[in-house]
Amino acid sequence: MKVRITDTYEDMSEAAAEFVIDQIRHKPNSVIGLAAGATPLLLYQKLGEACAAGTVNFARVRTFSLDEYIGLGPEHPQSFHFYFQHNLFDHVNIHEDHVLAPDGMAADVAAECARYGAAIEAVDGIDLMILGIGPNAHIGFNEPGPSFVPETHVVELSEATRAANARFFETPEDTPYWAISMGIRDIMFAQNILLLASGAGKTGALMQAVCGDITPEAPASVLQLHRNALVLADRSAAARLPEKYK
Ligand code: GLP
């Protein structure tokens, strides 16, 4: 795992955009895994700007969303479908058939997890997985627990995660209780992983991810075992990392 610390959120997002653009230039038909959340918003904006400027081309790129709330359809403003459509896909020249995501409205969620996991395997894995990190060190919606769940699965969201994400909903009760998430194997099989962390709310989680025990109680810690994982963090998220990372 490599760690790179930037002064600001803006710098972190710029470095992340360069990383993603390099990946697509190197392999124009890259398969990219996408995290939602506040952290990658400026990265996605910068990718849209780069596409408009002609410095990156999404024509052959395929994307896989990391996760989705159960019970929110694509038209729901807090669904991750909606998030990616408005924050990224509307601004890049991606082909709509190249956009893959779990269906949070599927009648049979177990079958939907199996379908989605098979779709990831069918493309021979993900070239670049973009991750955020939850305040409890979750990645995707892989919540802390007694064991890692390898495959795409249904998750009951922890109270901590529901509380953290309540800011996006009108009332806390509107926050979904369930989600579909890629599993740890889906994530760890990616060729490259880029984890973004910004802000003081992530200092503890980032410590666990970078130098804590490798444990399913801090899911992001498993990334220490990945051979091509890069953590990009701004100074405030990195505040508690040991000096050697700074
Ligand atoms: C969400 C998503 C994650 C995201 C994380 C952090 O619940 N499932 O994919 O990385 O929480 O979100 P934020 O960047 O808004 O802090």
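Contact here means heavy atoms within 4.5 Å of each other. The structure is a predicted model, where local features need pLDDT of at least 70, side-chain atom pairs count only at pLDDT 80 or more, and totals for chains, interfaces and linings use all residues. Residues are numbered from 1 along each chain as its sequence is written, and side-chain values use heavy atoms, with hydrogens and water left out.

Let's start with Thr152, which sits in the loop between β6 (128-131) and β7 (153-156). Neighbours within four places in sequence aside, Thr152 is in contact with Cys113, Tyr116, Gly117, Ile120, Ile180, Ser181, Met182, Gly183 and Asp186. With Asp186 there is also a side-chain to side-chain polar contact at 2.8 Å (a pair of N or O atoms within 3.5 Å, where one must be able to donate a hydrogen and the other to accept it).

Now for the helices, which are DSSP runs of H or I with at least four residues.

| Helix pair | Axes come within | Crossing angle |
|---|---|---|
| α1 (residues 9-26) and α2 (residues 41-52) | 8 Å | roughly 50 degrees |
| α2 and α3 (residues 80-87) | 9 Å | roughly 40 degrees |

That makes α1 oblique to α2, and α2 and α3 are oblique to each other too. Oblique is what remains once angles under 35 degrees (roughly parallel), over 145 (roughly antiparallel) and 65 to 115 (roughly perpendicular) are taken out.

Who meets whom between α2 and α3? Leu41, Tyr44 and Gln45 of α2 meet Tyr83, Phe84 and Asn87 of α3.

Key
Axes are lines fitted to C-alpha atoms, for helices over the stretch in contact, and angles run from 0 to 180 degrees between N-to-C directions. Helices (H or I, at least four residues) and strands (E, at least two) are DSSP runs, numbered from the N terminus.
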